[in-house]
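This briefing is meant to be read beside the sequence and the coordinates.

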Amino acid sequence: MAFAEKLKALRLENNMTQEYVAQRMSLARSTIAGYETKNRQPSHEKLSAFASLFHVTIDYLLDDEEPTYITMDEARTLPDDTQNLLIRFRRLPIRSKKDLLKHLHHLEIQAGIDTEEEVSEEAVT
């Protein structure tokens with residue numbers, strides 16, 4: 001999925017209009033529309049702002065792979081503590097996500113939880 005498609009999908013998942021995103025980003029609505037139709041590409045600073053607004057990484061925004069994460073609609077069906085954990089996890093940079101998964105692995109070992117099933121690298125991004 002290209003940046004334009006991801007931007008539109010994230011905006012719709014979060015029930016945001018182009019106008020609302022434009023205001024939050026200090027841009028014109030037509031600029032957001034241009035990003036979503038592949039007519040324009042954002043600067044690195046704007047990419048960073050989009051990542052922050054939607055609680056995803058810049059890597060995720062630029063990666064053409066299909067999303068491998070739980071959507072906000074799916075997350076709303078999870079318990080509050082799980083939703084909170086997912087939101088906070090998404091905000092982390094990739095390196096921090098990997099570190100967190102290592103810590104979780106150690107906690108699982110301490111708790112006697114079977115850790116045979118490894119978390120894939122795709123789950124980190």
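Where is the place of K38 in the chain? K38 sits in the loop between α3 and α4. The model is a predicted one. Its protein chain contains eight helices and zero strands, and buried residues account for 30% of its 125 residues.

**Overall layout**

- Along the sequence, the protein chain reads α-α-α-α-α-α-α-α.
- Helix α1 covers residues 3-13, and helix α3 covers residues 29-36.

**Nonpolar core**

- The largest nonpolar core is made up of 17 residues.
- Within this core, the residues with the most contacts are F3, V21, F50, F54 and L61.

**Helix α1**

- The buried residues in α1 include F3, A4, K6 and L7.
- L10, R11 and E13 are also buried in α1.
- L7 belongs to helix α1 and has a relative accessibility of 1%, so L7 counts as buried.
- The C-alpha atom of L7 is separated by 8.2 Å from that of F50, and the two residues are 43 apart along the chain.

**Salt bridge**

- How many salt bridges does the count come to? The count comes to one salt bridge.
- In this salt bridge, the side chain of E36 meets that of R11, with an N to O distance of 2.6 Å.
- The pair links distant parts of the chain, with E36 in helix α3 and R11 in helix α1, 25 residues apart.
- E36 counts as buried because its relative accessibility is 11%, under the 20% limit for a buried residue.
- R11 has a relative accessibility of 8%, so R11 counts as buried too.

**Helix α3 and T31**

- T31 is located in helix α3.
- Is T31 buried or exposed? T31 is buried, with a relative accessible area of 9%.
- T31 and Q18 are 13 residues apart along the chain, and their C-alpha atoms are separated by 9.1 Å.

**Negative surface patch**

- Which residues form the negative surface patch? The patch is formed by E5, D59, D63 and D64.

**Loop residues with positive phi**

- Most residues other than glycine have a negative phi.
- N15 is not a glycine, yet its phi is positive, at about 55°.
- N15 comes after α1 and lies in the loop between α1 and α2.
- With a relative accessible area of 65%, N15 is exposed.
- K38 is likewise not a glycine, and its phi is positive at about 70°.
- K38 lies in the loop between α3 and α4.
- K38 is exposed because its relative accessible area is 52%, which is over the 50% limit for an exposed residue.

Notes:
Residues are numbered from 1 along each chain as its sequence is written. This is a predicted model: local features need pLDDT of at least 70, side-chain atom pairs count only at pLDDT 80 or more; totals for chains, interfaces and linings use all residues. Side-chain values use heavy atoms; hydrogens and water are left out. Patches are made of residues with over 30% relative accessible area and no salt bridge: like charges are joined within 9 Å, nonpolar side chains (Val, Leu, Ile, Met, Phe, Trp, Tyr) within 5 Å. Accessible areas come from the Shrake-Rupley method with a 1.4 Å probe; for residues, only the protein chains shown count as cover. A salt bridge is a side-chain nitrogen of Lys or Arg within 4 Å of a carboxyl oxygen of Asp or Glu. Lys and Arg count as positive and Asp and Glu as negative; His and the chain ends are not counted. The place of a charge is taken as NZ of Lys, CZ of Arg, CG of Asp or CD of Glu. Helices (H or I, at least four residues) and strands (E, at least two) are DSSP runs, numbered from the N terminus. Buried means under 20% relative accessible area, exposed over 50%, partly exposed in between (1.4 Å probe, protein chains only). A nonpolar core is a set of buried Ala, Val, Leu, Ile, Met, Phe, Trp, Tyr and Cys residues joined through side-chain atoms within 4.5 Å.
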